[in-house]
Amino acid sequence: MTQRTKDLGVNGENLAAQYLEANGWRILERNFRIRRAEIDLIAEREGMIVFVEVKTRLSNKFGRPAEAVDERKQRKIIMAAGVFMQRAEFAQCACRFDVMEVFKLNGEWQLNQIENAFEVNG
């Protein structure tokens with residue numbers, strides 16, 4: 001991963017966190033990691049925990065950002081979310097998995113939050 005790509009991703013995560021906070025979410029964790037899995041943002045609002053995968057692109061040339069969250073990536077996020085939810089203070093909370101698309105359109109940053117982008121199967 002190049003430094004430019006890394007900086008783009010950090011910028012997208014910052015924009016996504018600002019968006020969530022402006023909409024009443026409290027950011028609990030950023031870049032929560034276990035072994036080979038990471039969750040970009042974990043937020044809480046009114047007892048709901050949301051695990052957010054942020055995908056940032058400068059254009060839609062190679063498809064929508066959310067299309068990069070394939071089944072393999074979803075499994076990793078779900079595994080990490082399970083570890084996070086085992087904490088006593090969150091054990092009884094409802095949760096969901098969102099994807100936040102951050103992309104440039106006509107020179108302006110756009111954000112698209114896809115709620116319940118995927119689910120735990122089984």
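**Side-chain contacts**

Trainee: Which residue forms a salt bridge with Arg64, and how far apart are the closest N and O atoms?

Mentor: Arg64 pairs with Glu101, and their closest N and O atoms are 2.2 Å apart. A salt bridge here is a side-chain nitrogen of Lys or Arg within 4 Å of a carboxyl oxygen of Asp or Glu. Bear in mind that this is a predicted model, where local features need pLDDT of at least 70, side-chain atom pairs count only at pLDDT 80 or more, and totals for chains, interfaces and linings use all residues. Residues are numbered from 1 along each chain as its sequence is written, and side-chain values use heavy atoms, with hydrogens and water left out.

Trainee: So what parts does the Arg64 and Glu101 pair tie together?

Mentor: Arg64 sits in the loop between strand E3 (48-57) and helix H2 (71-85), while Glu101 is in strand E4 (residues 94-105), so the bridge ties together parts that are 37 residues apart in sequence. Those labels come from DSSP runs, helices being H or I with at least four residues and strands E with at least two, numbered from the N terminus.

Trainee: Is Glu101 buried or exposed?

Mentor: Glu101 is buried, at 1% relative accessible area. Arg64 is partly exposed at 36%. The cut-offs are under 20% relative accessible area for buried, over 50% for exposed, and partly exposed in between, using a 1.4 Å probe and protein chains only.

Trainee: How many salt bridges does a search of the whole structure find?

Mentor: Nine. One of them joins Lys55 to Glu53, with the closest N and O atoms 3.4 Å apart. Lys55 counts as buried at 17% relative accessibility, and Glu53 is buried too, at 4%. Lys73 comes in as well: Glu53, Lys55 and Lys73 are linked in a network of salt bridges.

Trainee: And where do Arg75 and Glu71 lie?

Mentor: Both are in helix H2, four residues apart, which is about one turn of the helix. Glu71 counts as exposed, at 56% relative accessibility.

Trainee: New topic. How many aromatic pairs does the search find?

Mentor: Five. Phe84 and Phe90 make a stacked pair, because their ring centres are 4.9 Å apart and their planes are at 25°. For the rule itself, rings of Phe, Tyr and Trp (its six-membered ring) pair if their centres lie within 6.5 Å; planes under 30 degrees apart are stacked, over 60 edge-to-face, and the rest tilted. Phe84 and Phe90 are both buried.

Trainee: What about the rings of Phe97 and Phe118?

Mentor: That pair is stacked as well, with centres 5.1 Å apart and planes at 20°. Phe97 is in strand E4 and Phe118 in strand E5 (residues 108-118), so to speak distant parts of the chain, 21 residues apart, linked by the pair. Both residues are buried.

Trainee: Which residues do ring pairs link into a cluster?

Mentor: Phe32, Phe51, Phe84, Phe90, Phe97 and Phe118.
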